[in-house]
Amino acid sequence: VMKDTTIAVAASAAVLSTASASTPAATDNNNNNNSGKQLNLSDEELAKIITADMTERSFLVSADLTRSVYSESSTFQDEIDTYTIDKWIVGTQRLFVAEKSKVDLVGDVTVTPKEVSFKFREDLMFRIPFRPVVTLSGTVALTRDEESGLITKYREIWDQSVGDVLKTAKF
């Protein structure tokens, strides 16, 4: 059973990498397309937005983030792969059952002119047969552009190895 669980959940992770392969990434016109973006927000304003994305919208599993604080050329990296913003949104929405997953913000969102960071804990339900749920925790580090204040990089660092996370799968 554990082998089957590992294979099923690992296959699901591959879905995130390929789910939106046919979806073109948004163009950024060499990082100068800031139309509709919230530029140069104060640290306090950005902390409120990211906190709401976590606590009200569970963006780690729903992909319902405040896109206006992200550069259109931003990259999203987790323990599996690196994605464009469009591929991360589509893949996350296809991979997880947001309404049956649980995301907790652990502590406060910390914001500096260069970075946003926070800790999380989550129970992720996968959108595959038998709906397995895995549990993990970690940190998200968001890199900010010094000129615009927009987020240019999302980096998710898990406290557990991918293998250990897969071992937590429950059906």
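Author: Contact here means heavy atoms within 4.5 Å. The model is predicted.

Reader: Leaving aside neighbours within four places in sequence, which residues is Phe118 in contact with?

Author: Neighbours of Phe118 within four places in sequence are left aside. Some of the remaining contacts are Asp108, Gly138 and Thr139.

Reader: How many residues does the largest nonpolar core have?

Author: Among the residues with the most contacts inside this core are Phe118, Ile50 and Leu142. Tyr70 and Trp88 also belong to that group. The number of residues in the core is 38.

Reader: Which element supplies the largest share of this core?

Author: Helices H2 (43-55), H3 (59-62) and H4 (85-95) each supply at least two residues of the core. The largest share is five residues, and it comes from H2.

Reader: How many aromatic pairs does a search of the whole structure find, and is the pair of Phe59 and Trp88 stacked or tilted?

Author: The search finds nine aromatic pairs. A pair of aromatic rings is described by the distance of the centres and the angle of the planes. For Phe59 and Trp88 the centres are 6.1 Å apart and the planes are at 55 degrees, so the pair is tilted.

Reader: How many residues apart are Phe59 and Trp88?

Author: Both residues are buried. Phe59 is in helix H3 and Trp88 in helix H4, so named by their DSSP runs. The pair links distant parts of the chain, and its members are 29 residues apart.

Reader: What is the angle between the planes of Phe76 and Tyr154?

Author: Phe76 in strand S1 and Tyr154 in strand S6 are 78 residues apart. Their centres lie 4.9 Å from each other. Planes under 30 degrees apart count as stacked, and this pair is stacked, at 25 degrees.

Reader: Why does Phe76 count as buried?

Author: Buried means under 20% relative accessible area. Phe76 is therefore buried, because its relative accessible area is 0%.

Reader: What is the nearest side chain of opposite charge to Asp78?

Author: Asp78 is in the loop between S1 and strand S2 (82-84). Asp78 is buried yet has no salt bridge. A salt bridge needs a distance within 4 Å, whereas the nearest side chain of opposite charge is 6.6 Å away and belongs to Arg155.

Reader: Which backbone nitrogen lies 2.7 Å from a polar atom of the side chain of Asp78?

Author: The backbone nitrogen of Asp81 lies 2.9 Å from a polar atom of that side chain. The one at 2.7 Å belongs to Ile80.

Definitions and conventions: Residues numbered from 1 in each chain as written. Predicted model: local features only at pLDDT ≥ 70, side-chain atom pairs only at ≥ 80, totals over all residues. Heavy atoms only, no water. Core = buried A, V, L, I, M, F, W, Y, C linked by side-chain atoms within 4.5 Å. Buried < 20%, exposed > 50% of the residue type's maximum accessible area, 1.4 Å probe, protein only. Helix = DSSP H or I, 4+ residues; strand = E, 2+ residues; numbered from the N terminus. Phe/Tyr/Trp six-rings, centres within 6.5 Å; stacked < 30°, edge-to-face > 60°. Lys, Arg positive; Asp, Glu negative; His and termini not counted. Polar contact = N/O pair within 3.5 Å; in protein donor to acceptor, adjacent residues only side chain to side chain.
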